[in-house]
Amino acid sequence: MSDSVMGERELRELLQERHPDLAGLELKAVDGGWDNQMWRLGADLAVRLPRSERAPALLEREYRLVPELASRLPLPVPVPVRLSGPSERFPRTWLVTTWVHGTPADVEPVADPAAGVALASFLRALHVEGPAGHPANDGRGAPLAAMSAHLEEALGRLPQVDGERARTVWKDALAAPDHEGPGVWLHGDLHPANVVVEAGGLAGVVDFGDLFVGDPAVDLAAAWILLPDGAAEACLDAYGADEPVVRRARGRALAKTVALLEIGIAGEQGRVGGKPTWMPAAEAALARILA
């Protein structure tokens, strides 16, 4: 994977070839994560260009599924508007979406306590029953027990984490009853870089590439990861989460936050794939989870 797959001139030529009505709009490179290179296109659009092998399939899934889901969500999300197949100029499927205005929460944390209710409303709208045949996500949606060995290894590498408290939270999550009933639609990867903030409030949710069907606890983990101190309980109450799902969600929040912390540390050390802005976000989330 390279840091960049296409420069501005090349992208403008690609737009001229495939979408000439968009080719004259201003282009600005933005951080698009690991799977996609992203450019802002004009004031209200974005271009996402795959830089990983799995990315084209994720973009195709977003194009197919997100527009219908977005129509009932109470927060802005990037809605796919044009899907372009491979060509000689660019060998992979790529996507044009709407742009979600705001600042990523790893740069500007969510600060408004009312964001807890806003997140609950978003998740209640998203978490409708999904099709029984839709594949689960064996990574982000894996059973908690399948994550135990990896979490224990990570705790051994992270002396800054209170291992005793972390293991207590994890054991409680493992002991919680499993999700019963049908799976619901899940974002699957709610962390600070995948939401945006305006005036301290939650202003939008981005990156639906991992959209799948499963246990609502996967997304409810965001109550600790995204929200300011004291707001998780209000979020979970507004959502109507019962005790078992709260316990599972807290465990998933721990596993997710430990991963974010390691990525933040890698960023501070200048290692490839690291994100230094994730460090303070992960530390704050960890304190909330272990409180």
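Predicted model: local features only at pLDDT ≥ 70, side-chain atom pairs only at ≥ 80, totals over all residues.
The second largest pocket of this structure holds about 310 Å³ of space.

- In total, 19 residues line the second largest pocket.
- Nearest the centre of this pocket you will find Gly141, Pro143, Leu144, Asp215 and Arg252.
- The biggest share comes from β10, which gives three residues.
- Sorted by class, the lining has ten nonpolar, five polar and four charged residues.

**α9 against α10**

- From α9, the contact draws on Arg250, Ala253, Leu254, Thr257, Leu260, Leu261, Ile263, Gly264, Ile265 and Glu268.
- From α10, the partners are Trp278, Met279, Ala282, Glu283, Ala285, Leu286, Ile289 and Leu290.
- By class, the residues of this contact of α9 with α10 are 13 nonpolar, two polar and three charged.

**α4 against α9**

- Helix α4 (residues 148-157) packs on α9 with the axes 10 Å apart and at an angle of about 45°, and therefore α4 is oblique to α9.
- The crossing of α4 and α9 is left-handed.
- On the α4 side the residues are Leu151, Ala154, Leu155 and Arg157, and they meet Leu254, Ala255, Val258 and Glu262 of α9.
- Six nonpolar and two charged residues make up this contact of α4 with α9, with no polar ones.
- Leu254 of α9 takes part in the contact with α4 and in the contact with α10.

**α4 against α5**

- The axes of α4 and α5 come within 12 Å and cross at roughly 175°, so α4 is roughly antiparallel to α5.
- Ser148, Leu151, Glu152 and Leu155 of α4 make the contact with Ala166, Arg167, Trp170 and Leu174 of α5.
- The class count for the contact of α4 with α5 is five nonpolar, one polar and two charged residues.
- Leu151 and Leu155 of α4 belong to the contact with α5 and also to the contact with α9.

Key
Residues numbered from 1 in each chain as written. Heavy atoms only, no water. 1 Å grid on protein atoms, 1.4 Å probe; cavity = no way out; pocket = protein on both sides within 12 Å on 5 of 7 lines; lining within 4 Å. Points joined across faces, edges and corners; volume = space filled by probe spheres on them. Helix = DSSP H or I, 4+ residues; strand = E, 2+ residues; numbered from the N terminus. Nonpolar A, V, L, I, M, F, W, Y, C, P; charged D, E, K, R; others polar. Contact = heavy atoms within 4.5 Å. Axes fitted to C-alpha atoms, helices over the stretch in contact; angles between N-to-C directions. Parallel < 35°, antiparallel > 145°, perpendicular 65-115°, else oblique. Left-handed = near helix turned anticlockwise from the far one by under 90°.
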